Every structure is written in structure tokens, then in C-alpha cells.
Amino acid sequence: MEFTERELWAVIHGLVLGTLFLLAFAGGLAGLYSLNARFMTPEGIAERTPRLLIGTWGMAIIAWLTVITGTFIVYPWYRAAPPEGTDLADPSVLGDFPRYLLLASDSTAEWHRFGMEWKEHVAWMAPFLATAVAFAVLYYGVNLYRRGDVRRAVLVFFTLAFAAAGVAGLFGAFITKAAPVA
Amino acid sequence: MQETQTKPNGPVAAVFVAAGIGSLVLGLFVVLNEVSPDINNFLKFDANWGIGKGVGPLSGKALLGTGAFLLSWLGLHLGLRGKEVNMTTWLAFALLLVLGGFALTFPPIFEYIVHLFPAAE
């Protein structure tokens, strides 16, 4: 029972960081939604704020780590080109070249043309949006509950960050199933 | 009038709009990469600048989007610090930028735009 280096990085990128991102999102969303003076006492808000900070900054840092490892470590393995003379229509010789393996068959080509093309780009929006959210939480701290306008904006951006990461994660799982980086 | 008994909201509006700018710049380079071979070559920061290896044009798109986010955040932060702004208006503007970025990275949309430039096909 062992991992290759490529499998290990694919697991770190997709499974470990992806799971942590989901956890941070769930905790952060619950914290942000309930950060309302109608629901909580001032003591409760003060007690919850550090966790909210950890959750939102955790999500932002994880988002950055995920796109950096994905783009600069795992993605080059995905897009590596086979040696010249390789039959690009023969899936049996393309196992080490996931992009070309997907493109070799009409039944899998859309995983690259649609799935990977969208995933590799939209994923980079997640850290921008998550960082904006984390900064807003840091900036207002315990006073965030007093700023309904900012809290609403934070909730919208937090959800968009999750949507961007969700698209990337979902297609990443499907593409890995169809043509693993190994 | 917004709640003003707390710190002014300008810096928060700044970071939201900056995230939108970063997203839109990323989306624009996704399209430009497909339209122009020169831009495609320029975006290969791995080959041109040694940033990563084997990443291709995604290296440039990602780093330019990130640069746009960080630089616009700095500029907008300096411009909006200490100011109270209408968060609804700024949020709407930021959302337009983000949704523009989302749209330009969506393959059916960026492929449609690319098809408007026959020389790129």
C-alpha cells in the first residue's frame, strides 16, 4: 500500500485541502449567518469572533494553497505531452498523459474541453474572493454584527468563493476518475 | 445612511472590488490567450520567466489575475481608507466584475467570443 509522488500530490491538492476547504466553509457560513444581534448576546458574539476569523482566514489560506499546488505541481503532470510519434488516438498508450488520454476518445474529450478548461481558470477566483471575505472579518472583528451592509456582502462573496471552488473540485474529482494523474 | 459607529467601510468595499477586478482580468486573459498566438506565448510565464515548469499559459493567466487583485486592492484601499461608501452600490459593482470573470472562464462563452475572431481559429 503506497502512493506515487504524483498520487500523493493529487491527494493533497484535491482530497486533503479540498476537505479542509469544505470544513472551513461550513463553519464560516454558519458563523457569519448567525452573527446577528437578534440571535446572540454581545458575549456570544465576542466568543464566536475568533472562530470566525480562524474559519475565514483558514478558508482563504487553503484556497491559495489549493490553486498553487494544483497549478504548479499537479497540472503540469496532467498536460504533459507524450513523445513524438505516439499514436494520440490510442488510449492504451496514453495512461501517463491524462489530457491526451481524455482527448483520445469522443466519450471523454469533453472532460478536458469543458471540465478542465473551466476548472483550471475558475478555481483561481476562489482565493481572491475568500481573501476579500477574510479581510472584511479581520477589519471589523467583533463589530461585524453591527454592519449589516458589510455582513451581507461578506455572505455573498463567501458563497461565491465556495461556488468557484465547488466547480473546480467537482470537475477535479470527475476528471481524476476518468484520467488519473499517476 | 449606513451604520457609522464603527470603522468606515471603504477598505472593505476596496477589497471586494479588487477581487472582482482580479476575476475579470483572469477571465479576459482566458479569452485573449485563445484569440492571439502572441498573447498565448506571452502568457507562458513558466517558459519566459521560469515560474513553474510545464504549466503553459495558465501560469501567466493566474499570476496576472493575482497581480491585478493585489495591485487594485492596494490602490483602492489607499483611495477609500477612512471613507464611508454606499456598500450596496460597491457590492453590485464588485459582483458585476466577478460575474464577468465567471462568464469569461465558462468554456461555451469564451469559445463563442473566440469564434468572433476568425483569425484566431
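The model is predicted: local features need pLDDT of at least 70, side-chain atom pairs count only at pLDDT 80 or more, and totals for chains, interfaces and linings use all residues. Residues are numbered from 1 along each chain as its sequence is written, and chains are lettered from A and ligands numbered from 1 in the order in which they are written.

**Stop 1: the helix pair.** Select helix H1 (residues 5–33) of chain A together with H2(A). Helices here are DSSP runs (H or I, at least four residues), numbered from the N terminus. The two axes come within 8 Å and cross at roughly 155°. Axes are lines fitted to C-alpha atoms over the stretch in contact, with angles from 0 to 180 degrees between N-to-C directions. The pair is therefore roughly antiparallel (angles over 145 degrees). By class, their contact has 17 nonpolar, 11 polar and three charged residues. Asp, Glu, Lys and Arg count as charged; Ala, Val, Leu, Ile, Met, Phe, Trp, Tyr, Cys and Pro as nonpolar; the others, Gly among them, as polar.

**Stop 2: the interface.** Show both chains. Here 31 residues of chain A are in contact with 35 residues of chain B (C-beta atoms, placed from the backbone, within 7 Å). On the chain A side, H2 (42–79), H4 (109–122), H5 (125–140) and H6 (148–178) each supply at least two residues. H5(A) gives the largest share, eight residues. This side has 21 nonpolar, three polar and seven charged residues.

**Stop 3: chain B.** Select H4(B), residues 57–80. Its end C-alpha atoms are 34 Å apart, which agrees with the 34 Å that its 24 residues should span at 1.5 Å a residue (1.5 Å times one less than the number of residues). Just after H4(B), click B:Gly82: its phi is positive, about 80°.

Conventions:
Contact = placed C-beta atoms within 7 Å. Parallel < 35°, antiparallel > 145°, perpendicular 65-115°, else oblique.
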